[in-house]
Structure formats: C-alpha cells, structure tokens
Amino acid sequence: MPVYDYKCGKCGETFSLIMSIKEKETKKVKCPKCKSVKVKPVYSGFFAVTSKKS
C-alpha cells in the first residue's frame with residue numbers, strides 16, 4: 001500500500017499515513033497531534049527498483 005505524507009496547517013506536524021488509493025479519495029485525514037482536518041499533502045520524489053540495469 002502507498003504511503004502518503006501530510007503536513008498540518010494548524011500545528012505544523014508532518015506525518016505519514018499508509019492507506020489504499022480508494023481510502024485516500026474518500027477518507028478525511030486528521031492530524032494525529034491536534035486532530036485538525038486542516039492538512040495538506042506533502043509531495044516528495046520517489047524511485048523504483050527494477051531488475052534491469054540502466
């Protein structure tokens with residue numbers, strides 16, 4: 001399952017959640033520290049591991 005990173009707009013806490021793509025579309029994300037729903041996704045780079053050599 002994918003890991004999504006969020007930052008709370010109220011307290012500034014940065015946190016990660018593991019959830020399915022369907023859950024991400026329907027679930028209200030709350031800050032684990034202050035329980036605020038004023039959170040924004042934090043976008044970061046990613047990499048893929050493959051068996052082919054480049």
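**Figure 1. Contacts and overall layout of the predicted model.** Of the contacts in the protein with a separation of 6 or more, 31% are accounted for by residues 24 or more positions apart. The model shown here and in the following views is a predicted one. The protein holds 1 helix and 3 strands, and from the N terminus on these elements follow one another in the order β-β-α-β. The radius of gyration of the protein is 14 Å, well over the 10 Å that the globule rule gives for 54 residues, so the protein is more spread out than a compact globule. The C-alpha trace of the protein spans about 45 × 25 × 15 Å along its principal axes. Buried residues make up 17% of the 54 residues, and the protein exposes about 4,900 Å², of which carbon and sulfur atoms supply 56%.

**Figure 2. The largest pocket and the residues of its lining.** The space in the largest pocket comes to about 200 Å³. Its lining is formed by Pro2, Val3, Tyr4 and Asp5, together with Lys24 and with Pro41, Val42, Tyr43 and Ser44. Strand E1, which covers residues 3–8, gives the most to this lining, with 3 residues. By residue class, the lining of the largest pocket divides into 6 nonpolar, 1 polar and 2 charged residues.

**Figure 3. Ile18 in strand E2.** Ile18 has its place in strand E2, which comprises residues 14–18. Because its relative accessible area is 62%, and exposed means over 50%, Ile18 counts as exposed. When residues up to four places away in sequence are not counted, Ile18 touches Met1, Pro2 and Val3; of these contact partners, Pro2 and Val3 also line the largest pocket. From Ile18 to Lys40, which is 22 residues apart from it in sequence, the separation in space is 15 Å, C-alpha to C-alpha.

**Figure 4. Cys11 in the loop between E1 and E2.** Cys11 is found in the loop between strands E1 and E2. Its relative accessibility is 34%, so Cys11 counts as partly exposed. Leaving aside neighbours within four places in sequence, Cys11 is in contact with Cys31, Lys33 and Cys34. The C-alpha atoms of Cys11 and Lys40 are separated by 12 Å, while the two residues are 29 residues apart along the chain.

**Figure 5. Lys35 in the loop between H1 and E3.** Lys35 lies in the loop that runs between helix H1 (21–26) and strand E3 (39–41). The phi angle of Lys35 is near 65 degrees, which is a positive value in a residue other than glycine. With a relative accessibility of 55%, Lys35 counts as exposed.

**Figure 6. Lys38 in the loop between H1 and E3.** Lys38 also has its place in the loop between H1 and E3. The relative accessible area of Lys38 is 59%, so this residue is exposed. Not counting residues up to four places away in sequence, Lys38 touches Lys7, Cys8, Gly9 and Lys10, and strand E1, with residues 3–8, includes Lys7 and Cys8 among these partners.

Technical notes. Residues numbered from 1 in each chain as written. Predicted model: local features only at pLDDT ≥ 70, side-chain atom pairs only at ≥ 80, totals over all residues. Heavy atoms only, no water. 1 Å grid on protein atoms, 1.4 Å probe; cavity = no way out; pocket = protein on both sides within 12 Å on 5 of 7 lines; lining within 4 Å. Points joined across faces, edges and corners; volume = space filled by probe spheres on them. Helix = DSSP H or I, 4+ residues; strand = E, 2+ residues; numbered from the N terminus. Nonpolar A, V, L, I, M, F, W, Y, C, P; charged D, E, K, R; others polar. Rg over C-alpha atoms; globule rule 2.2 N^0.38 Å. Buried < 20%, exposed > 50% of the residue type's maximum accessible area, 1.4 Å probe, protein only. Contact = heavy atoms within 4.5 Å. Areas by Shrake-Rupley, 256 points an atom, 1.4 Å probe, with all protein chains shown as cover.
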